Amino acid sequence: MADIPPLQQVGWSFPPTFERDTRQPLMQTGLDNLAKCLRIMLSTQPGERNFHSNYGCDVSAYAFQGMSFDLLEVIEEIIEQSIDEHEPRIGIQDIQVGPN
């Protein structure tokens, strides 16, 4: 897959869904595929996947901590490291985390 441009890569939809007539899996491409992969990676805890135990982004430990600029910087760094390690199709320019 390294020779295929990132936005032309194809992946299964998630959760896996199959076409009724052909029984083939529905596929996603482009930004839809990339956004779905990011969403899955950011919501997966490291250790959650048996065969990829380091896959994921460990930010849930910070969910109930008091909000501060230092905490936001830590979360930004964790997210950046996870994307660098697990999603080579993305070149990070800037990550901004804030309270919602």
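This is a predicted model: local features need pLDDT of at least 70, side-chain atom pairs count only at pLDDT 80 or more; totals for chains, interfaces and linings use all residues.
Residues are numbered from 1 along each chain as its sequence is written, and side-chain values use heavy atoms, with hydrogens and water left out. Local features need pLDDT of at least 70 and side-chain atom pairs count only at pLDDT 80 or more, while totals for chains, interfaces and linings use all residues.

**View 1. A patch of negative charge on the surface.** The patch gathers Asp 70, Glu 73, Glu 77, Glu 80, Asp 84, Glu 85 and Asp 94. Patch residues have over 30% relative accessible area and no salt bridge, with like charges joined within 9 Å and nonpolar side chains (Val, Leu, Ile, Met, Phe, Trp, Tyr) within 5 Å. A salt bridge is a side-chain nitrogen of Lys or Arg within 4 Å of a carboxyl oxygen of Asp or Glu. Glu 77 belongs to helix 2 (residues 69-86); helices are DSSP runs (H or I, at least four residues) and strands likewise (E, at least two). Glu 77 counts as partly exposed because its relative accessibility is 48% (buried is under 20%, exposed over 50%, partly exposed in between; 1.4 Å probe, protein chains only).

**View 2. A nonpolar surface patch.** Val 10, Trp 12, Phe 18 and Met 27 make up this patch of about 420 Å². Met 27 is in strand 2 (residues 27-29) and, with a relative accessible area of 42%, is partly exposed.

View 3. Beyond neighbours within four places in sequence, Val 59 contacts Gln 45, Ile 75, Ile 78 and Ile 79 (heavy atoms within 4.5 Å).

Methods
Accessible areas come from the Shrake-Rupley method with a 1.4 Å probe; for residues, only the protein chains shown count as cover. Lys and Arg count as positive and Asp and Glu as negative; His and the chain ends are not counted. The place of a charge is taken as NZ of Lys, CZ of Arg, CG of Asp or CD of Glu.
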